[in-house]
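Here is a friendly walk through one protein chain, from its overall build down to single residues. Have the structure open and follow along.

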Amino acid sequence: MSDDSYDVIIVGAGPAGLAAALYAARDRLKTLVLEKLMPGGQIATTNRIENYPGIAKIDGPALIEQMHKQVQGFGAEIKTGCEVTKLGKTQRADISVHCGNDKFAAKTVILAPGSSYRHLGIPGEEQFRGAGVSYCGTCDAPFFKGKHVVAVGGGNTAVEETLHLTKYADKVTLIHRRDEFRAAKVLVEELLQKAEGSNSNLQIKYSTVATAIKGKGKVQSVKLKNVKTEQEQDYPCDGVFMFIGMVPNTDFLKGFVELTDKGFVRCDCAYLRTTVPGVFVAGDCRIGAAMQLATAVADGVVAAMMLKQYVRDPDWWKEPVSDLLQPAGW
C-alpha cells in the first residue's frame, strides 16, 4: 500500500493527460500520471496525423513518444499498467486515487481517461482498423480522396461527418438501420439536399446494416443487409467509417463526480472544473468535447493552468461561471 502524496494526479496518459502533465511538471508541481495500458490512448493507433497544427505529418506512436519524453524530461512520474478503480477523499481532505493494491493521494486530480469509439463488432472491423476502417471523418477523410467509402450511422455526428466525407471521396454511401435519421432537422435537411442534388456523390441506404467487412490487406467491400427484406449484398468500397458514438471510460467515476446519462463527466466548459472541488477534467471524456487531438491537448493545458488557480486560492472554486458558459446540469 502506497501513501505517496502528490500535488496533482492525472488519470490517463493520452494527449490530454500528457499535455496536463507537461504543464504541471514545468510548474514544479509533484506530478503523477496513472495509465491503465500504455501512453497514447486512441491516437496511438493512428497511422498518420495531418491535422495537428505545426506538424505537417506524423504517426500517432511517434507523436506520443515525443510527448512522453517531454513530460518525463520535466520530472513527471508516469506509471503504466496501473488502472484506476476508485477515487475518494482522505482524512486530510486530499483526494485518494486507488490503483490495484496501491493508493495515492493528491491535492488535485485531472481526469483524462478518454473515450472509446463504439464498435459494430462485425467480422473484419478490427482486422481492417487503420486499413480502411475509421471512426473519425474529420481525421481521415483526406486519405480517401477519389475513393468510394461507406459511412454508418444516423445521429448528428454521423450526418456531419458524412457531409465532410463528400468533400473528399468520389462516392459516399451512408447506411442507416432506420427509415429516418435521428439527427437535428437542419442537419438532415442539408444531408438530403446534398443527396438529391444533381451529380451528387452521396447516396443514402435506409433500413440497412453492415454485417461484415472484407478485403485483402485493406478494405475492398462491405456486406450489407436490408433489415426489412433480409436481402444481402457485397458492396464494393475502399473504406468504412463508423459514426455510431463514443463510450467514455468513466465507469470508475460513478458516485464520485457527476456524470451525464451517457457517462460523460459534467464540468463547466470554461475552467474544466467538475462537481468535486480540486478535480478537473480534460479531453474526450467530458461534456462538450470536440473529440480531436488538438482540442484534447488544449484541454490538458487549460486544466493544468486552472489547477494552479485552485492551489493558490481554494475559494476560487466557488466562483460561478457566467450563464453564457454554464452547461445544463452544472
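## Charges and overall build

In the protein chain, the 39 positive and the 37 negative charges have mean positions that lie 3 Å apart. Keep in mind while reading that this is a predicted model.

The protein chain holds six helices and 17 strands. Along the principal axes, its C-alpha atoms fill a box of roughly 65 × 40 × 35 Å. The radius of gyration is 22 Å, which agrees with the value near 20 Å that a compact globule of 330 residues would have.

## Surface and contacts

Of the 330 residues, 50% are buried. The accessible surface comes to about 16,200 Å², and carbon and sulfur atoms account for 48% of that. If you look at contacts between residues at least 6 apart in sequence, 60% of them join residues at least 24 apart.

## The nonpolar cores

In soluble globular proteins, nonpolar side chains tend to be buried together. Which members of the largest nonpolar core touch the most other members? They are Leu87 and Ile110, in a core of 85 residues. Leaving out residues up to four places away in sequence, Leu87 touches Ile95, Ser96, Val97, Val109, Leu111, Phe252, Leu253 and Phe256. A second, separate core has 20 residues, among them Leu163, Val172, Leu187 and Val188.

Valine 172 sits in strand β10. Is valine 172 buried or exposed? Its relative accessible area is 0%, so valine 172 is buried. Apart from neighbours within four places in sequence, valine 172 is in contact with His148, Val149, Thr162, Leu165, Thr166, Asn201, Leu202 and Gln203. Cysteine 237 is 65 residues away from valine 172 along the chain, yet their C-alpha atoms are separated by 9.2 Å.

Helix α4, spanning residues 156-165, is mostly covered, with seven of its 10 residues buried. Those buried residues are Ala158, Val159, Glu161, Thr162, Leu163, His164 and Leu165. Their cover includes the helices α3 (137-140) and α5 (185-196), along with the strands β9 (148-152), β10 (171-175), β11 (202-205) and β15 (239-242).

## Glutamine 233, a partly exposed strand residue

Glutamine 233 belongs to strand β14, which covers residues 232-236. With a relative accessible area of 36%, glutamine 233 is partly exposed, because that value falls between the 20% limit for buried and the 50% limit for exposed. Not counting residues up to four places away in sequence, glutamine 233 touches Lys205, Val222, Lys223 and Leu224.

## Two positive phi angles

Leucine 272 is not a glycine, but has a positive phi of about 60 degrees. Leucine 272 is placed in the loop between β16 (246-248) and β17 (279-281), and at 1% relative accessibility it counts as buried.

Methionine 291, again not a glycine, has a positive phi of about 60 degrees. This residue is found in the loop between β17 and α6 (293-312). At 22% relative accessibility, methionine 291 counts as partly exposed.

Terms used. Residues numbered from 1 in each chain as written. Predicted model: local features only at pLDDT ≥ 70, side-chain atom pairs only at ≥ 80, totals over all residues. Heavy atoms only, no water. Helix = DSSP H or I, 4+ residues; strand = E, 2+ residues; numbered from the N terminus. Rg over C-alpha atoms; globule rule 2.2 N^0.38 Å. Buried < 20%, exposed > 50% of the residue type's maximum accessible area, 1.4 Å probe, protein only. Contact = heavy atoms within 4.5 Å. Areas by Shrake-Rupley, 256 points an atom, 1.4 Å probe, with all protein chains shown as cover. Lys, Arg positive; Asp, Glu negative; His and termini not counted. Charge placed at Lys NZ, Arg CZ, Asp CG, Glu CD. Core = buried A, V, L, I, M, F, W, Y, C linked by side-chain atoms within 4.5 Å.
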